[in-house]
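Biologist: I would like to learn how to read a model of two chains. Could you take me through it feature by feature?

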Amino acid sequence: MTVDIDKTPADTPPAGPEAIKAIPVRHYGRYVSAVVAIALLGGVVYAFSQGKINWGAIPDYFFDDRILDGVGKTLLLTILSMAIGVIGGVLLAVMRLSKNPVTSSIAWFYIWFFRGTPVLVQLIVWFNLGLVFEYINLGPFYKDEWSDFMTPFLTALLGLGLNEAAYMAEICRAGLLSVDEGQTEASHALGMSHAKTLRRIVIPQAMRVIVPPTGNEVINMLKTTSLVSVVQYPELLRAAQDIGQTSGAPAEMLFLAAAWYLLLTSIFSVGQYYLERYYARGSSRSLPATPFQKIRANVLSLSSRSKPKGGTA
Amino acid sequence: MTVMVKAEGVHKSFGPVEVLTGIDLEVKTGEVFCLIGPSGSGKSTFLRCINHLEKINAGRLYVDGELVGYRQKGDKLYELKDSEVAVKRRDIGMVFQRFNLFPHMTAVENVIEAPVQVKGVGKGKARERALELLDRVGLADKAGNYPSQLSGGQQQRVAIARALAMDPKLMLFDEPTSALDPELVGDVLDVMRDLAESGMTMIVVTHEMGFAREVGDSLVFMDGGVVVESGHPREVLTNPQHERTKSFLSKVL
């Protein structure tokens, strides 16, 4: 018996097992849903092509100076508000995690307030604070009328940045808590101070958890800057609307603004990918491939896959 | 022989749970001191008290003649500042059960981190020393690898090199081989044996009775937060006097 069993594998041809040739299952539901989806998409495209839209106006104004100026202001506002948000967020997160009950309660209250009220309302409130404060008085350093001090730019910056800080605080807190306590212990056991442990050991590891949602926040922020048009700050949306009113192509200019937002968020997404990749080092055995590497690998595997096919043909 | 660690009636409780209920012992300079006992007996907690990762509630604990975590003036105790505790920890190396290597740094970066950041050693010099230490634990060729690219045994040996980089006068080992595959335990124990031969004072919490018997100079059996039996490892392990020790050893040997 055992001899027979030993023989059987030797009898099979050395070329390996025969590949299975079977008729695949037909997924008719998939064909139907694909046709329906394409029909709907076609309908939407057709509707837009029939509308009285002057598509030519979009390329005409795409690189208009006022639009480019608006794009620059949108970017500036995004970056500065995010900077305020990130710095404030880290500060609030550390405050919330501190053992001091006063600082942790203040941080809790801040987050509660700014997360609990709509950012549009906050922006309008900042804009109208002049009704409450006639002057701004920072003692010997600075004194001015509120309306001169609170320019639309500063209103926008404070409104967006302070609101963002509340969200970033929660993201940073989650990141700091995600780092294993053993890391802090090991670092303390080596004689490192609290501050050094935080800076050298905990934060670099927390970044892996913090970066992806922060990238989301940046993209969100870029879009949220459009709310700032209500406080008279001439960013991208406002610039587009202004042109729309004078050129008689209001809807087209909104499409133009949308296209710019889409372009900018796409660029940010690529940047986010590389940043995540940087902070992933050490967390997995090999880093995820860059898009370029993926393309190259695909091309290589396609060509290597086609080779055996060519051999059998 | 001078005394490296001295414990006098050390108590430690976590909330209502008393983990250590009066530990008295002495570790002499240059000896390998093994702590054994069932889980929950407080041996790891005691080890963590020695470098003040845990605060003791009562009793006195001395390392190299100095009180751990406090300063005594007359009959008053003053708590040490965090920075003062950190300075004392520089001289005490610790190796953890779960290695706790810094995952975002390569092996050699792990080893140079504390000398560079804490002692202010130059990077080049620290690196040279780190490569020497990695060679000593048999990992010279893994210097550029991240912890995730190393096996458990290799990670633990890097962790030992990392602790040694601070030139400690005392090394604490908290079940250094418990999280390892049986196959990998030997390499780590070899490094520890080598370290013991070089004259390092070592306190080792372990379940490796073979290691304790071969390398240990003293052994303490703990249970329920107290020292049940102590003596030379060979004597305690082969001829335990206490009932509790006998029943424990009959299960693990």
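Modeller: Start with what the record says about chain A. UniProt, in an unreviewed entry, lists residues 71-272 of chain A as "domain: ABC transmembrane type-1". Keep in mind that this is a predicted model. In it, the span 71-272 of chain A is 79% helix and 3% strand, and its end C-alpha atoms lie 20 Å apart.

Biologist: Which residues of chain A does the annotation "transmembrane region" cover?

Modeller: The unreviewed UniProt entry gives residues 31-49, 75-95, 107-129 and 253-275 of chain A. Take two of these spans. Residues 31-49 of chain A are 100% helix and 0% strand, with end C-alpha atoms 27 Å apart. Residues 253-275 of chain A are also 100% helix and 0% strand, and there the end C-alpha atoms lie 33 Å apart.

Biologist: Which residue caps the N-terminal end of α4(A)?

Modeller: D64(A) does, with a side-chain oxygen 2.9 Å from the backbone nitrogen of R66(A).

Biologist: What does UniProt list for chain B?

Modeller: An unreviewed entry lists residues 5-249 of chain B as "domain: ABC transporter". That span is 38% helix and 28% strand, and its end C-alpha atoms lie 26 Å apart.

Biologist: How is the size of an interface given?

Modeller: Often as the accessible area lost when the parts come together. Here chain B and chain A bury about 2,100 Å² between them, 55% of it on carbon and sulfur atoms. In terms of residues, 26 of chain B are in contact with 22 of chain A.

Biologist: How many salt bridges and polar contacts are there between chain B and chain A?

Modeller: Two salt bridges are counted between the chains. One of them joins R200(A) and E113(B), whose closest N and O atoms are 2.7 Å apart. The rule also finds seven residue pairs in polar contact across the interface.

Biologist: Which elements of chain B supply the side that touches chain A?

Modeller: α2 (82-89), β8 (92-95), α3 (107-119) and α5 (152-164) of chain B each supply at least two residues. α3(B) gives the most, with four residues. By type, the residues on that side of chain B divide into 14 nonpolar, six polar and six charged.

Key. Residues are numbered from 1 along each chain as its sequence is written. Chains are lettered from A and ligands numbered from 1 in the order in which they are written. This is a predicted model: local features need pLDDT of at least 70, side-chain atom pairs count only at pLDDT 80 or more; totals for chains, interfaces and linings use all residues. Side-chain values use heavy atoms; hydrogens and water are left out. Contact means heavy atoms within 4.5 Å. Buried area is the accessible area (1.4 Å probe) that two parts lose on being put together, summed over both. A salt bridge is a side-chain nitrogen of Lys or Arg within 4 Å of a carboxyl oxygen of Asp or Glu. A polar contact is a pair of N or O atoms within 3.5 Å; within protein, one must be able to donate a hydrogen and the other to accept it, and residues adjacent in sequence count only if both atoms are side-chain atoms. Ala, Val, Leu, Ile, Met, Phe, Trp, Tyr, Cys and Pro count as nonpolar, Asp, Glu, Lys and Arg as charged, and the others, Gly among them, as polar. UniProt positions are given in the numbering used here, feature names are shortened, and annotations may be inferred rather than shown by experiment.
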